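Let's take a walk through this fold, from the whole chain down to single residues. Keep the structure open beside you as you read.

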Amino acid sequence: SVVNQIKAHLTPLAEEKGVRITVTGDVFQLIYNKELFYRIIFNLIENAVKYNREGGYVNVTVSGRERYLVIQDNGIGMDTQAVQNIFEPFYRSDLSRSQKIPGSGLGMSIVKTVMDRYGGTLEIDSVLGKGTKVKFKI
């Protein structure tokens, strides 16, 4: 339900950018700080929308049984250096700055801090110009 709430919240931004968000999967129940995990998931999906292209997609897959979410997009992607630095506070890749995409570069740093505190992991696979896949596991 949280992922669907986030989808509803981000739909205006997605429509403005011409990006389609889909959510599939099953129930994933967490007994943690709801606000913190809402912010993590919101940030991951918002990034997939913001760093996307006209006519792009963001697919969110939820697996309650295996306790993970996968957010996959066909946006602008990142090079290896950007993926390595993405959790650094205030880090913004040259590509994201040059496209005037709003943001402070703090979102992924906050995500990492919360994930470390609760024992979660983020796996990021990205190809510049092709898109990004983020697996959030707790």
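This is a predicted model: local features need pLDDT of at least 70, side-chain atom pairs count only at pLDDT 80 or more; totals for chains, interfaces and linings use all residues.

Residues are numbered from 1 along each chain as its sequence is written, and side-chain values use heavy atoms, with hydrogens and water left out.

The protein chain holds 5 helices and 5 strands; these are DSSP runs numbered from the N terminus, with H or I runs of at least four residues for helices and E runs of at least two for strands. Follow the sequence along and you get the pattern α-β-α-β-β-α-α-α-β-β. The chain has 138 residues, and 41% of them count as buried. Buried here means under 20% relative accessible area, exposed means over 50%, and partly exposed is in between, using a 1.4 Å probe and protein chains only.

Now find helix H2, residues 34–50. Does the rest of the structure enclose H2 or leave it open, and how many of its residues are buried? H2 is largely enclosed, because 12 of its 17 residues are buried. Among them are Phe37, Tyr38, Ile40, Ile41 and Phe42, as well as Asn43, Asn47 and Lys50. The length of H2 works out too: at 1.5 Å a residue it should span 24 Å, and its end C-alpha atoms are 24 Å apart, which agrees. That expected span is 1.5 Å times one less than the number of residues.

What packs against H2? Two packed helices are described by the angle between their axes and the distance between the axes. Helix H1, residues 2–17, packs with H2 at an angle of about 30 degrees, with their axes 10 Å apart. Axes are lines fitted to C-alpha atoms, for helices over the stretch in contact, and angles run from 0 to 180 degrees between N-to-C directions. H1 and H2 are therefore roughly parallel to each other; that label covers angles under 35 degrees, with over 145 roughly antiparallel, 65 to 115 roughly perpendicular and the rest oblique. H1 passes H2 in a right-handed crossing, where right-handed means that the near helix is turned clockwise from the far one by less than a right angle, and left-handed means anticlockwise. The contact includes Ile6, Leu10 and Leu13 of H1 and Tyr38, Ile41 and Ile45 of H2. By class, it has 11 nonpolar, 2 polar and 4 charged residues. Here Ala, Val, Leu, Ile, Met, Phe, Trp, Tyr, Cys and Pro count as nonpolar, Asp, Glu, Lys and Arg as charged, and the others, Gly among them, as polar.

H2 also meets helix H5, residues 107–118: their axes come within 10 Å and cross at roughly 140 degrees. H2 and H5 are therefore oblique to each other, and this crossing is left-handed. Leu36, Phe37, Ile40, Asn43, Leu44 and Asn47 in H2 meet Gly107, Met108, Val111, Val114, Met115 and Tyr118 in H5. This contact has 9 nonpolar, 3 polar and no charged residues.

Within H5, the buried residues are Met108, Ser109, Val111, Val114 and Met115. They pack against H2, strand E4 (121–127) and strand E5 (131–137). After H5 comes Gly119, with a positive phi near 75 degrees.

Strand E5 contains Thr132, which counts as buried because its relative accessibility is 10%. Leaving out residues up to four places away in sequence, Thr132 touches Ile71, Gln72, Asp73, Gly77, Met78, Ile124, Asp125 and Ser126. Met78, Ile124 and Ser126 are also in contact with Val83, leaving aside neighbours within four places in sequence. Val83 lies in helix H3, residues 80–85.

Gly25, in strand E1 (residues 20–25), counts as exposed because its relative accessibility is 63%. Its C-alpha atom is separated by 5.8 Å from that of Ser63, 38 residues apart along the chain. Arg67 lies in the loop between strand E2 (57–63) and strand E3 (68–73). Its phi is near 60 degrees, a positive value in a residue other than glycine, and at 29% relative accessibility Arg67 counts as partly exposed.

How values were computed
Contact means heavy atoms within 4.5 Å.
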